[in-house]
Amino acid sequence: MIPKLVSSKSENSLIYNIKLSSVGPARVTGQDVVYEPSNMDLAMKLHYLRGIYYFDSQAFKDVTVYKIKEPIFIWFNYFYMTNGRFRRAESGRPYIKCNDCGARFIEAQCDKTLEEWLEMKDASLEKLLVSNQVLGPELAFSPPILIQHTKFKCGGISLGLSWAHVLGDVFSATEFWNHLGKVVGGYQPPRPLNLAYSLTKANSTQTLQKIVEDPLSIKRVGPVEDHWIANTSCKMESFSIHVSASKLGHLQSITGIEGPFESLCAIIWQSISRIRDGPGPKVVTICKKGEEKKGGLIGNTQVIVAVKVDCSIREANPSELARLIKNEIIDERLKIDEAIEKEHGVLDVIVYGANLTFVSLDGADLYGFDWKGHKPKNVSYLIDGVGDAGTVFVLPDGSNNSQGRLVTMTLPEDEIMKLKNELNNEWSIA
């Protein structure tokens with residue numbers, strides 16, 4: 001498809017010359033092929049992952065956009081379901097019609113060098129490097145994924161992945177992305193064998209016999225109908241902090257827990273409680289890597305647990321909070337599955353931001369993408385569709401976990417400066 005120019009440079013814009021085109025599978029998937037999201041997938045349908053992969057100028061020197069698109073067609077032969085479009089069964093349950101409609105490909109240019117951009121360290125600006133599109137309001141025309149290629153003034157580039165969370169968690173998204181690097185290196189992925197040719201859950205009218213209470217980790221919203229984004233009562237913004245390996249070691253010595261993620265969660269949980277009114281938040285949600293989906297396909301298999309306390313968080317000992325996060329957890333996955341099934345897959349809920357939500361990206365192969373021997377210089381992930389309680393993403397800061405952590409938080413806009421001051425004054429984290 002010939003790229004369509006949709007914007008030109010303006011005086012104040014950092015990103016300009018935006019062009020749109022489409023990419024899809026190189027071969028036809030088949031007739032009447034459908035892909036059915038699980039109940040856990042549908043629980044995440046109002047959330048979106050935005051990943052940005054930065055490369056220096058040597059990685060893509062003399063590489064045209066066509067040469068980037070070329071392996072994508074082969075790649076999509078395997079991940080054919082990401083190129084379909086959502087439909088609803090008679091029961092209302094969403095499913096994907098695998099009609100090879102393709103993914104959106106965005107080309108753009110940036111007025112900064114890569115070094116200048118990274119030095120700004122502004123998570124809110126990163127949203128310019130990846131599409132913020134959501135599914136709907138016309139589901140039949142909305143691509144679940146979009147890819148953005150942005151060229152910096154120095155010749156460096158970023159590749160942005162916009163990924164509808166209904167397809168899978170961040171661990172699925174990174175595996176999906178890393179497969180592209182394998183294809184570039186000459187790997188020819190086989191076509192998946194477990195294709196679904198008829199609807200099962202999507203046409204089901206069976207209800208659960210028992211009454212189930214809503215899990216602690218979800219919040220009902222909507223109804224959103226076919227526009228898959230939840231409204232928030234306030235403006236949400238993102239910002240990032242870098243926590244060095246030495247600072248992580250210090251925090252772990254304070255909490256007495258051998259776990260950088262748990263120690264960071266405890267510190268941030270207490271800091272947020274001190275800038276908010278009241279003694280809470282007394283319930284938080286923790287998300288971590290779960291078992292991989294059989295067959296290597298995509299899906300939401302991450303562990304989702306809740307931690308509930310009765311004491312005042314602002315007065316609690318951080319070591320006790322870290323211990324609770326590590327050991328005193330309530331697994332919510334079965335309850336979430338039952339809640340979605342009970343409503344025939346049409347229940348509209350949020351997970352991220354239903355409570356204050358901490359997400360560990362330990363185990364995600366963020367730097368596994370390889371373009372002909374070149375690894376990304378930097379990788380970051382953001383989350384869209386976050387509820388008012390906020391979400392904290394904890395990523396490895398670099399390709400080696402021993403280098404520290406990058407913590408990206410999405411919170412109500414009026415809390416950000418207060419939290420920055422609290423973390424800096426109490427914990428010397430800036």
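In which sense do strand 13 and strand 14 pair, and over how many bridges? Strand 14 (residues 330-331) pairs with strand 13 in the antiparallel sense, over two bridges. The model is predicted, with local features requiring pLDDT of at least 70 and side-chain atom pairs pLDDT 80 or more, while totals for chains, interfaces and linings use all residues. Residues are numbered from 1 along each chain as its sequence is written, and side-chain values rest on heavy atoms, with hydrogens and water left out.

**View 1. Strand 13 and its two pairings.** Helices (H or I, at least four residues) and strands (E, at least two) are DSSP runs numbered from the N terminus, and two strands pair if DSSP finds at least two bridges between them. Strand 12 (residues 283-288) runs antiparallel to strand 13, and six bridges join them. Here Val284 stands opposite Val307 of strand 13. Five of the six residues of strand 13 (residues 303-308) are buried (under 20% relative accessible area, with exposed over 50% and partly exposed in between, for a 1.4 Å probe and protein chains only). Strand 13 is therefore largely enclosed by the rest of the structure.

View 2. Strand 11 and strand 19 (residues 404-412) run antiparallel and are joined by nine bridges. Val243 stands opposite Arg405 in strand 19.

View 3. Axes are lines fitted to C-alpha atoms, for helices over the stretch in contact, and angles run from 0 to 180 degrees between N-to-C directions. The axes of helix 6 and helix 9 (residues 416-427) come within 9 Å and cross at roughly 120 degrees. That makes helix 6 oblique to helix 9, where angles under 35 degrees count as roughly parallel, over 145 as roughly antiparallel, 65 to 115 as roughly perpendicular and the rest as oblique. In the contact (heavy atoms within 4.5 Å), residues including Ile268, Ile272 and Arg274 of helix 6 meet residues of helix 9, among them Leu419, Glu422 and Trp427. By class, this contact of helix 6 with helix 9 has seven nonpolar, two polar and four charged residues; Ala, Val, Leu, Ile, Met, Phe, Trp, Tyr, Cys and Pro count as nonpolar, Asp, Glu, Lys and Arg as charged, and the others, Gly among them, as polar.

**View 4. Helix 2 against helix 4.** Helix 2 (residues 65-78) and helix 4 (residues 170-184) pack at an angle of about 120 degrees, with their axes 9 Å apart. Helix 2 is thus oblique to helix 4. Pro71, Ile72, Ile74, Trp75 and Phe76 in helix 2 meet Phe176, Trp177, His179, Leu180, Val183 and Val184 in helix 4. The contact of helix 2 with helix 4 has ten nonpolar, one polar and no charged residues.

View 5. Two bridges join strand 3 to strand 6 (residues 94-97), and Lys97 in strand 6 is the bridge partner of Val34.
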